[in-house]
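Please read the following report with the sequence and the model side by side, and look up each residue as it is named.

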Protein chains: 2
Amino acid sequence: MARIVMKFGGTSMAGIERIRTVAARVKREVEAGNQVAVVVSAMAGETDRLVGFCREASALYDPREYDVVVSSGEQVTSGLLAIALQAIGVPARSWLGWQLPIHTSDAFSRARIGTIDTEALDASLARGEVAVIPGFQGVAEGDRITTLGRGGSDTSAVAVAAAMKAERCDIYTDVDGVYTTDPRIVPRARKLARVTYEEMLELASVGAKVLQTRSVGLAMKENVRVQVLSSFTGDDAPMADTLPGTMIVGEEEITDVERQLITGIAHDKNEAKITLAAVPDKPGAVASVFGPLAEAGINVDMIVQNIAHSTGSTDVTFTVPSADLARSLDVLGQAKATIGYDKLVHDTRVAKISVVGVGMRSHAGVASTMFTTLGERGINIQAITTSEIKVSVLIEEDYTELAVRVLHTAYGLDAEVEAA
Amino acid sequence: MARIVMKFGGTSMAGIERIRTVAARVKREVEAGNQVAVVVSAMAGETDRLVGFCREASALYDPREYDVVVSSGEQVTSGLLAIALQAIGVPARSWLGWQLPIHTSDAFSRARIGTIDTEALDASLARGEVAVIPGFQGVAEGDRITTLGRGGSDTSAVAVAAAMKAERCDIYTDVDGVYTTDPRIVPRARKLARVTYEEMLELASVGAKVLQTRSVGLAMKENVRVQVLSSFTGDDAPMADTLPGTMIVGEEEITDVERQLITGIAHDKNEAKITLAAVPDKPGAVASVFGPLAEAGINVDMIVQNIAHSTGSTDVTFTVPSADLARSLDVLGQAKATIGYDKLVHDTRVAKISVVGVGMRSHAGVASTMFTTLGERGINIQAITTSEIKVSVLIEEDYTELAVRVLHTAYGLDAEVEAA
């Protein structure tokens with residue numbers, strides 16, 4: 001008997017008809033002999049509605065009370081799914097965050113999961129009940145409700161899977177897996193059968209919006225096998241353990257045959273470029289730029305420092321999330337005297353293109369192929385960053401789709417088109 | 001320093017603007033030096049929405065999961081009111097049923113409040129915080145959420161007031177007090193300054209829909225002074241302790257000067273009359289009629305048994321709530337052989353008119369005045385019941401308004417009209 005966790009997002013829980021479809025799907029896993037915990041999101045749109053109420057009540061709302069309000073969305077869907085399961089003969093009960101309990105830190109509205117007590121859960125599963133667990137919520141010391149931040153339900157599912165030592169955590173979503181790149185840009189993108197945690201982290205953080213980044217990091221840490229699959233296939237779809245979704249696993253599970261040099265190409269248009277012109281070229285200058293940004297909690301990504309001008313100054317270029325641009329300019333404006341730069345310019349019409357793959361660890365030439373391919377198309381590279389399994393470049397935003405397509409072909413990722 | 005409980009219904013909580021108005025009102029009580037707990041309902045319409053989801057998910061929903069779902073409505077408003085209070089500088093926090101906790105029976109969806117722990121509440125009030133408590137909810141043994149049944153928020157408010165030994169429980173509602181009768185029928189109806197628990201119970205149970213009956217019973221048992229007042233008066237309204245609402249108190253608080261023979265006239269169109277013709281006139285016959293109805297949980301109200309016919313049979317007439325009519329007919333149909341009646345007839349076009357007043361304990365002639373007054377207008381009385389402080393008659397529904405008006409005048413309840 002296997003233990004599995006199934007996670008359904010807001011679209012799957014939007015209304016009773018869809019909740020019934022979810023119940024039918026859960027029933028099939030139970031009938032296949034599995035012990036099942038289901039983690040659910042709020043109905044699509046509900047969390048936005050509740051967040052809106054809080055903001056309207058006060059721009060500076062108390063995050064403890066915000067958590068009381070917004071956690072109610074998942075409370076509702078977990079009760080409803082339990083009812084829908086019982087209606088088709090599947091014993092089920094809901095377990096709210098404070099009932100299980102799912103212990104979290106007391107960072108209200110963005111709490112982190114600590115431990116999950118499994119005594120009651122184990123007993124319930126042993127009785128043959130499906131455990132329906134609201135995602136996104138937990139409880140902090142002092143018995144106060146917490147939430148994990150937006151998209152936290154994926155993280156809840158992985159944490160529950162780790163705590164109950166589940167064989168698999170199936171994330172049902174509105175895509176049917178992880179692709180080599182965005183299929184809307186490259187119709188010949190291929191669905192990946194397997195991808196490593198590290199690759200998924202790089203793909204997710206640079207724009208392949210399938211899973212919340214935090215949940216992938218947790219899955220890697222806890223070694224939880226996560227499967228991404230579509231919630232839109234019908235009752236006659238194959239069982240989840242044979243479904244052609246994408247399995248996110250440790251590198252050791254990827255065979256040599258499967259291993260590709262490059263796993264995928266990601267793009268991200270939500271970055272903004274900032275350049276400080278003529279920063280004094282002296283020790284401590286760079287620290288004076290990035291210290292204030294770090295203090296303001298702004299994540300700086302790609303950093304390029306040009307070689308010094310003959311005048312003894314240098315230009316510093318870096319990117320920040322577009323959402324943090326205004327705040328970044330404010331922070332840097334205030335620090336102008338300290339830093340001593342001449343001019344501050346910014347540009348939001350940039351995109352970050354990344355090639356990702358654990359295979360590049362043992363192969364040289366990946367970056368070189370990238371630069372050559374882009375160069376041949378006349379695409380200028382404004383900045384470069386690399387990690388062990390990723391090379392990213394910053395380019396002009398208008399070239400995003402072209403860059404993704406030519407790189408997808410250059411790395412041999414295009415699916416073969418069958419002869420008609 | 002006085003302790004008071006303020007209770008606001010769904011109309012008062014319908015949207016952030018109204019919640020802000022509630023917060024301002026609470027602030028005035030705090031600034032007057034009171035320790036305040038606020039009990040809130042869900043936003044108007046929200047409980048219906050949530051109940052609808054449960055019914056749609058399964059006609060035979062699990063009441064434990066139903067309680068998880070529907071209790072969320074008050075969870076949301078309690079968090080939002082806490083935020084709105086903090087926004088105007090009033091320290092506040094929400095206390096959900098399981099946090100306080102409010103212990104209840106495990107009769108899910110219609111639980112009864114047992115004890116309320118006040119240790120944490122007392123400490124919170126002592127710190128100068130307003131305690132915002134969702135009405136309608138509690139927690140049963142085993143840490144499962146319960147609800148008290150529709151209208152339960154009034155009961156929550158009275159229970160909290162009793163537990164915290166509040167000086168007063170102010171129920172803000174969409175009427176500004178309890179009237180001698182329905183002002184829509186009798187424009188000259190007067191607002192009562194004080195009414196006893198017993199009178200309020202009779203007035204509420206026969207149709208003066210101001211407070212949930214159960215909450216009045218609890219207030220009587222716990223000796224909680226309850227004030228009914230309007231939630232629609234503005235910021236410049238007098239403070240609640242000087243507001244001209246209606247105070248519901250023990251009989252000992254009513255002075256002789258205030259005491260009236262009759263306090264009010266109530267009417268109720270939600271009853272249906274059932275007559276069993278030719279029931280055998282023998283011992284046990286009546287039991288065979290009302291036994292099955294009691295087993296089905298149907299409350300039988302007015303009962304009239306005619307004197308026996310010469311044939312050795314009798315007619316039995318009684319009323320049930322209109323909502324239970326179909327079920328009652330079903331139960332009686334099945335028991336036809338056991339009871340041995342000849343014919344079963346029913347009539348929904350009836351109304352119950354009641355005159356209520358503790359004064360009638362020491363005064364004869366109240367019933368007689370009622371019968372005479374109605375007779376003079378040609379209104380036929382189909383059934384009569386009396387209690388120590390109430391006389392009720394069943395009449396044809398079309399005469400309801402006429403009956404209420406003539407009785408209001410006959411008992412001297414009409415307000416004096418000032419000369420223009």
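## A stacked pair of tyrosines

In this predicted model, A:Tyr66 has a relative accessibility of 8% and therefore counts as buried, since the cut-off for that word is under 20%. A:Tyr61, by contrast, has a relative accessibility of 22% and so counts as partly exposed. A search of the whole structure finds seven aromatic pairs over all chains, and one of them joins A:Tyr61 to A:Tyr66, with 4.8 Å from centre to centre and 10° between the planes, an arrangement called stacked. A pair of aromatic rings is described in just these terms, by the distance of the centres and the angle of the planes.

How are the rings of B:Tyr61 and B:Tyr66 placed? Their centres are 4.8 Å apart and their planes stand at 10°, so this pair is stacked. In chain B, B:Tyr66 is buried, with a relative accessible area of 7%, while B:Tyr61 counts as partly exposed at 21% relative accessibility.

## Arginine over tryptophan

A charged side chain can also be found over an aromatic ring in this model, and A:Arg93 lies over the face of A:Trp95, at 3.6 Å from the ring centre. In chain B, the charged end of B:Arg93 sits over the ring of B:Trp95, and the distance from the centre of that ring is 3.6 Å.

## How the two chains are related

Chain B can be laid on chain A with an RMSD of 0.2 Å, by a turn of 180° and a shift of 0.0 Å along the axis, which is the relation of a two-fold axis. In chain B, the C-alpha nearest that axis belongs to B:Ser72 and is 2.8 Å from it. Of the interface residues of chain B, 100% are also interface residues in chain A, so the copies meet through the same surface.

Strands of a sheet pair through backbone hydrogen bonds, either parallel or antiparallel. Which sense is found between strand S1 (residues 3-8) and strand S9 (residues 168-173) of chain B? These two strands pair in the parallel sense, over five bridges, and B:Phe8 stands opposite B:Tyr172 in S9(B).

## Two helices of chain A

Helix H1 (residues 16-31) of chain A contains A:Val22, which counts as buried at 4% relative accessibility. Leaving aside its neighbours within four places in sequence, A:Val22 is in contact with A:Phe8, A:Ser12, A:Met13 and A:Leu81. A:Thr372 is 350 residues from A:Val22 in sequence, and the two are 48 Å apart in space, C-alpha to C-alpha.

In helix H13 (residues 400-410) of chain A, the buried residues are A:Thr400, A:Ala403, A:Val404, A:Val406, A:Leu407 and A:His408. An α-helix has 3.6 residues a turn, so residues three or four places apart point the same way. What covers the buried residues of H13(A)? The cover includes strand S13 (264-268), strand S18 (350-356), helix H12 (366-376) and strand S20 (390-396) of chain A. Just after H13(A), A:Gly412 takes a positive phi of about 70°.

Note on methods
Residues numbered from 1 in each chain as written. Chains lettered and ligands numbered in written order. Predicted model: local features only at pLDDT ≥ 70, side-chain atom pairs only at ≥ 80, totals over all residues. Heavy atoms only, no water. Least-squares fit on C-alpha atoms with pLDDT ≥ 70 in both. Contact = heavy atoms within 4.5 Å. Phe/Tyr/Trp six-rings, centres within 6.5 Å; stacked < 30°, edge-to-face > 60°. Buried < 20%, exposed > 50% of the residue type's maximum accessible area, 1.4 Å probe, protein only. Lys NZ or Arg CZ within 6 Å of the ring centre and 35° of its normal. Pairing = 2+ DSSP bridges. Helix = DSSP H or I, 4+ residues; strand = E, 2+ residues; numbered from the N terminus.
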